[in-house]
Amino acid sequence: MDFNSPQKFHNTNISRVGGLALFLSILTAGVARFFLEDLGGTELLLLTIASIPAFFVGIAEDVTKRAGILIRLIGTACSALIAGYLFDGWITHTGFSFLDHIFQITLISILFTAFAICGISNAYNIIDGFNGLASVVALLSFITISYVGFKANDPIIFVLGLAMIGAVLGFFFWNYPKGQIFLGDGGAYLLGFWVAFLSVLLVARNDSVSPIFALLVNAYPTVETLFTIWRRVFHQQKSPSIADNMHLHSLIYRRVVRWEDQEKGDIVSTSANARTSPYLWCLHAFAVIPACLFWNSTLLMTSMLLVFIFFYIYIFKTIICFKVPTWLK
């Protein structure tokens, strides 16, 4: 029933506990595969258990509206540390020799891994603004991670990614296009944690996969978050935790989709929410497709990451300056 936040675009009571459906889905899959002694069953169950703190603090915010950002980040950090310990999944190299010796220090590796996973988890909460947006962004990332796991001959990564693909598809059926249920903070943090940790784990387990893969496959939510922090702190001179409606997805909704409706004379279009998400799906695909193609090349993926950042800033600037290019319309 929270209709007053600047980031809200719905005006009816809609359940925010979609994350519970995702969690129960992967928990059921993990328990079933564990007792059937199927490949990846133990790992799936362990990662689901490790994700409980991140999921719990998110769902607590959905239900009580009293779990602040610090509490949620602590919960996500706990999940990152538990998962890292259980799977020995830490960021130990970056693909750049002048940085790699720093990450050979165990404490730095552990702390940076927890920091990175917290950041991406929170990033998914930031982009969760329209029907199907965060879920499909996560879905495309899971598909990419599973595909690269298959190409790198890592069946465990493939199974873990596939389990979450099924969970997201089940949620997506009810979330898009009509938004009959929302991810909520619990679902967003759960998805973000899984995407982030599987990205790190894939690189940690497979020397053939470039470390830049973990960054490129999360490029859209990561760039959105960093740009938001820069915009709020340096441009607007306010706290980065204060919510606003200046995210890229909000701008596309107001200045591209809604303007098109107004030009057609449709002032109150109920489909505008759903028609906003595909713009961001395509933007995210601009990062994950190169990650699929060049997963073992640090140079190519670094180049594509820089191109993605430039493209994101270009799109944001054209929309904010009321100069939306014709091809975007």
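Predicted model: local features only at pLDDT ≥ 70, side-chain atom pairs only at ≥ 80, totals over all residues.
1. On the overall fold, you will find 14 helices and zero strands in the protein chain. With a radius of gyration of 19 Å, close to the 20 Å from the globule rule for 329 residues, the chain is therefore as compact as a globular protein of that length. Its C-alpha atoms fill a box of roughly 55 × 40 × 35 Å along the principal axes.

2. Contacts are worth a look too: among those with a separation of 6 or more, 70% are between residues 24 or more positions apart.

3. Now to the rings, where the structure holds 19 aromatic pairs. One of them is F87 with F197, edge-to-face at 5.7 Å centre to centre and 65 degrees between the planes. This pair links helix α4 (residues 69-87) with helix α9 (residues 184-205), its two members being 110 residues apart. Both F87 and F197 are buried.

4. F130 and Y253 make a tilted pair, 5.1 Å centre to centre with 35 degrees between the planes. Because F130 sits in the loop between α6 (106-127) and α7 (133-151) and Y253 in helix α12 (residues 248-263), the pair ties together parts 123 residues apart in sequence. F130 is buried at a relative accessible area of 4%, and Y253 is buried at 14%.

5. Do also look at F227, W230, Y312 and F316, which form one aromatic cluster.

Conventions: Residues numbered from 1 in each chain as written. Heavy atoms only, no water. Phe/Tyr/Trp six-rings, centres within 6.5 Å; stacked < 30°, edge-to-face > 60°. Helix = DSSP H or I, 4+ residues; strand = E, 2+ residues; numbered from the N terminus. Buried < 20%, exposed > 50% of the residue type's maximum accessible area, 1.4 Å probe, protein only. Rg over C-alpha atoms; globule rule 2.2 N^0.38 Å. Contact = heavy atoms within 4.5 Å.
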